[in-house]
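User: Could you take me through this model, beginning with the side chains? I will have some follow-up questions.

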Amino acid sequence: MTDPKQMMAPKSAKIAAGAVVCVESEVRGDVTIGARTVVHPKARIIAEAGPIIIGDGNLIEEQALIINSYPENIMPDSEGVEPKTMTIGTNNVFEVGCVSQALKIGDNNVIESKADVGRNVILTSGCIIGACCQVNTCEVVPENTVVYGSNCIRRVQSEKPQPQTLQLDFLMKILPNYHHLKKTVKASGTPLRN
Amino acid sequence: MASLLQPDRVIYLVRGEKRIRAPLSQLYFCRYCSELRSLECVSHEVDSHYCPSCLENMPSAEAKVKKNRCANCFDCPCCMHTLSTRATNIPAPLPDDPTKTTMKKAYYLACGFCRWTSRDVGMADKSVASGGWQEPENPHAQRISKLIEYYQQLAHREKQERDRKKLARRRQCMPLAFSEKYGLGTRLQRQRPGAPISALAGLSLKEGEDKKEITIEPAQALDEVEPLPEDCYTRPVSLPEVTTLRQRLLQPDFQPAGASQLHPRHKHLLMKRSLRCRKCEHNLSKPEFNPTSIKFKIQLVAVSYIPEVRIMSIPNLRHMKVSLSPASVFGTAPAALGVNVASELEDSSHHLCPFCSIVAFRKSNKIGFFIKVIPQKEEDADVTVTFRMRHDFRNLAAPIRASEEGGDAPPEPIWLSHHVELRLGPLAA
């Protein structure tokens, strides 16, 4: 396809200074990662159908999958498909093995292990999607909602979950001791020289 | 296929007071009566109480006083998970110098599953890690205890009158059950002859307490009832604030309708029970006393004594056509037992399957054989094969009668026969 827009979109990840992204993680496509974000090894962030912008202070654990993929009934090469940007806010936690395709995620959310968030869900802030819960609806999840249980019942909690600052600090100190990190690239496009 | 090993595929029949069909893994074998027993034909007795989260053993008397609740652990009122205590640092003014603040630890209860916290209901953070949490008291507690005392006294008085009448008429002894009006049910009393009825004693009074008369005033009906709020029909229901029926009924004292009144309750204790054969009064299953141990002191389960039949594979079953279905019999140690399989004529609810069994292979403790299946009914959902299995059983536990020569005679094997049903599933199209 000789679409000039697609030729100009950068295909490499832009990792802000202060973020810790392990080399063993898979970051494909146009992905922007904010400061103080930790991406564990074996995490996968795949921007197929559009760019992904990840904010600051997020924690993306092993085998988590954040994917901006084409909706199932649309072929990748068909005309008229605009690349939609996936935005992820600050202080979110993507626990081990979760799958997130939600296009818009706010701040302070927690997606627990093996949870599955569909493409048409919009998480506001303070939401907790419990372990193994699948949320495939087409809705805006209100603030401070907890989805839990095998039937995905919901309740509203009184306060948002605490940001994992202690854990983030610990990981930013320890992970570089055991893993190589991906080079940070400033958002303007010029790579840092070591 | 793992579905062939599902427990409900092979069912054994237990001939007790009722005819019960259950898989072998759920049955017990009384080796003194040499019969299978199911959970319904044994008597259950409470061994010990323990808390499932802190695994603390509690004597029965203490459990009765605490209403079978643990003293340390709490249940989440929202999802019934165990609550954990979390600590935060809050600034608090020093007692001697109000201007300076120091960090003090404050504790609150939180649920890891549904993220409920004790702050949701308005319970203040406590400064002690454990023991600071109180359950709200039932507003009707006094009236209830007074009513219970009154009825205890009434029952005691009636029992005395009846006993006096019994002696006067000089009749045969009436069964013990009739003299206790508000005591245990008669069935439970009958099954424990001679055993003291301790922790389950209902409302029996102690002797010598009938001196003071207790009077109660009857409940009074009120004419005026609180009116419903005006927007009762028009206000939209906010689902997160309404409690579910299950949450409500777990707190029968209050049954709150609003989620902001759901207080945590102490965790319910679990109990270890021992099972006893009703005919010979021997123990079939007796667990260890320690709550952390899962072993048994006495464990007479059926799988260790009765050979187990397993379906090896299910062929395509067609109406009125013969199929061969392989099955195997797993014996228990010690090996060397003889097994006979014969067909059994049953009532018409099962499929009559005249078959002949052929031993296909033998291997250590396993025998494989074929069952010829001819489904009789066309549209039935489940093809069931029933047969009778006989095996010999050496009772190593029974006392060996000393023979006259003085030598030890080996225990005589007795032949036990069991009625087994195999569920082979639906007919193939």
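**Side chains, sheet and interface**

Analyst: Lys166(B) has a relative accessibility of 29% and therefore counts as partly exposed. Here buried means under 20% relative accessible area, exposed over 50%, and partly exposed in between (1.4 Å probe, protein chains only). This is a predicted model: local features need pLDDT of at least 70, side-chain atom pairs count only at pLDDT 80 or more, and totals for chains, interfaces and linings use all residues. Residues are numbered from 1 along each chain as its sequence is written, chains are lettered from A and ligands numbered from 1 in the order in which they are written, and side-chain values use heavy atoms, with hydrogens and water left out.

User: OK, which side chain does Lys166(B) meet in a salt bridge?

Analyst: The partner is Asp163(B), at 3.4 Å from N to O. A salt bridge is a side-chain nitrogen of Lys or Arg within 4 Å of a carboxyl oxygen of Asp or Glu. Asp163(B) is partly exposed, at 26% relative accessibility. Both residues belong to helix α2 (residues 141–169) of chain B, and because they are three residues apart, about one helical turn separates them. Elsewhere, Glu35(B), Arg37(B) and Lys279(B) are joined into one network by salt bridges that share partners.

User: How many salt bridges are there over all chains?

Analyst: The count is 19 by this rule. One of them joins the side chains of Arg276(B) and Glu45(B), at 2.7 Å from N to O. Arg276(B) sits in strand β11 (residues 270–277) and Glu45(B) in strand β5, both of chain B, so this pair ties together parts 231 residues apart in sequence. Helices (H or I, at least four residues) and strands (E, at least two) are DSSP runs, numbered from the N terminus.

User: Is Glu45(B) buried or exposed?

Analyst: Glu45(B) is buried, since its relative accessible area is 16%. Arg276(B), by contrast, is partly exposed at 22%.

User: And how do β5(B) and β11(B) pair?

Analyst: They pair in the antiparallel sense over eight bridges; two strands pair if DSSP finds at least two bridges between them. The bridge partner of Glu45(B) in β11(B) is Ser274(B). Both strands belong to an open sheet of five antiparallel strands in chain B, ordered β6-β5-β11-β12-β13. The edge strands, each pairing on one side only, are β6 (57–58) and β13 (296–299) of chain B.

User: What holds strands of a sheet together in general?

Analyst: Strands of a sheet pair through backbone hydrogen bonds, in a parallel or an antiparallel sense.

User: Back to β6(B): over how many bridges does it pair with β5(B)?

Analyst: Over two bridges, with β5 covering residues 42–50 and the pairing antiparallel. Tyr50(B) has Asn57(B) as its bridge partner in β6(B), and His49(B) stands opposite Met58(B). The hairpin of the two strands has six residues between them, and there Leu55(B) takes a positive phi near 55°.

User: Changing topic: what does the interface between the chains look like?

Analyst: In chain B, 10 residues are in contact (heavy atoms within 4.5 Å) with 11 residues of chain A. The two chains bury about 900 Å² between them, 49% of it on carbon and sulfur atoms. Buried area is the accessible area (1.4 Å probe) that two parts lose on being put together, summed over both.

User: Which side chains form the salt bridge across it?

Analyst: Arg115(B) and Glu112(A) do, at 2.5 Å from N to O. The side of chain B that touches chain A has six nonpolar, one polar and three charged residues. In that scheme Ala, Val, Leu, Ile, Met, Phe, Trp, Tyr, Cys and Pro count as nonpolar, Asp, Glu, Lys and Arg as charged, and the others, Gly among them, as polar.

User: What about chain A by itself?

Analyst: Chain A contains two helices and 21 strands, and buried residues make up 43% of its 194 residues. In one salt bridge there, the closest N and O atoms of Lys14(A) and Asp30(A) are 3.4 Å apart. Lys14(A) lies in strand β1 (residues 14–15) and Asp30(A) in the loop between β3 (26–28) and β4 (31–33), 16 residues apart. Both residues are buried.
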